[in-house]
Amino acid sequence: MSSESNVKLTITLSNLDLDAEGKEREARNLLREIKDLDVESAELVAATEIPEGTKSVGGFLVGVLQAEVSLANFKKLLGFLGDRLGNKTIELEVEANGKKLKVKASSQEELNAAIEQAQKFVAGS
C-alpha cells in the first residue's frame, strides 16, 4: 500500500495533571490498544528533535505517539480515539497527501469537533 493512501496521525497527550511517568504510561497503554486496531504502524515518537514543552524519557518523547492508517480505517481509528480520549487534553496532528492539520482538544465536545475537522481535512486532501 502506498503511503499516499495512508494517513499519519501524531497524538500528544497534554494532560497537565500527569507527571512524565504518568504520561509515558498513558502513551504506552494507548499504543498497545492502537496496535490491536487495523493500523499500518504505531509507535512512540523517538526523541530526535524535542519540541518546546515536551520531555524525553528513554529516547522517546513523553506522551507522544504516531500511527499510520489506511484511508479505509482512518474513521475507525478516530472513533476509537474519541471513545478513549474524550476527557483528556490532547493534540492531534493529521498528515495526508503532503498536507498537515493540527488540532487541540481538552473536552469530549472539542475532541468530537477536532475529529470531524480531521475527517473533512482528509476527505478534501
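Trainee: How many residues does α1 have, and how far does α1 reach from its first C-alpha to its last?
Mentor: Bearing in mind that this is a predicted model, helix α1 has 16 residues and reaches 22 Å from its first C-alpha to its last, which is close to the 22 Å expected at 1.5 Å a residue.

Trainee: OK, and which residues of α1 are buried?
Mentor: In α1, the buried residues are G22, K23, E24, A27, L30, L31 and I34, and they pack against the strands β1, β2 (41-46) and β4 (60-70) as well as against helix α2.

Trainee: Switching to α3, how many residues does α3 have?
Mentor: Helix α3 runs over residues 108-124 and has 17 residues, with a reach of 24 Å from its first C-alpha to its last, close to the 24 Å expected at 1.5 Å a residue. Its buried residues are L111, A114, I115, A118, F121 and V122.

Trainee: Why do the buried residues of α3 line one face of the helix?
Mentor: Seen down the axis of α3, the buried residues fall within an arc of 125°, and so they line one face of the helix. As background, an α-helix has 3.6 residues a turn, so residues three or four places apart point the same way.

Trainee: What is exposed on the other side of α3?
Mentor: On that other side, E109, K120, A123 and G124 are exposed, whereas the buried residues of α3 pack against β1 (6-13), α2 (71-85), β5 (90-96) and β6 (99-105).

Trainee: Zooming out, what pattern does the protein chain follow along the sequence?
Mentor: Read along the sequence, the pattern is β-α-β-β-β-α-β-β-α, and the secondary structure comes to three helices and six strands. Of the 125 residues of the protein chain, 42% count as buried.

Definitions and conventions. Residues numbered from 1 in each chain as written. Predicted model: local features only at pLDDT ≥ 70, side-chain atom pairs only at ≥ 80, totals over all residues. Heavy atoms only, no water. Helix = DSSP H or I, 4+ residues; strand = E, 2+ residues; numbered from the N terminus. Expected span 1.5 Å × (residues − 1). Buried < 20%, exposed > 50% of the residue type's maximum accessible area, 1.4 Å probe, protein only. Arc of directions from axis to C-beta. Contact = heavy atoms within 4.5 Å.
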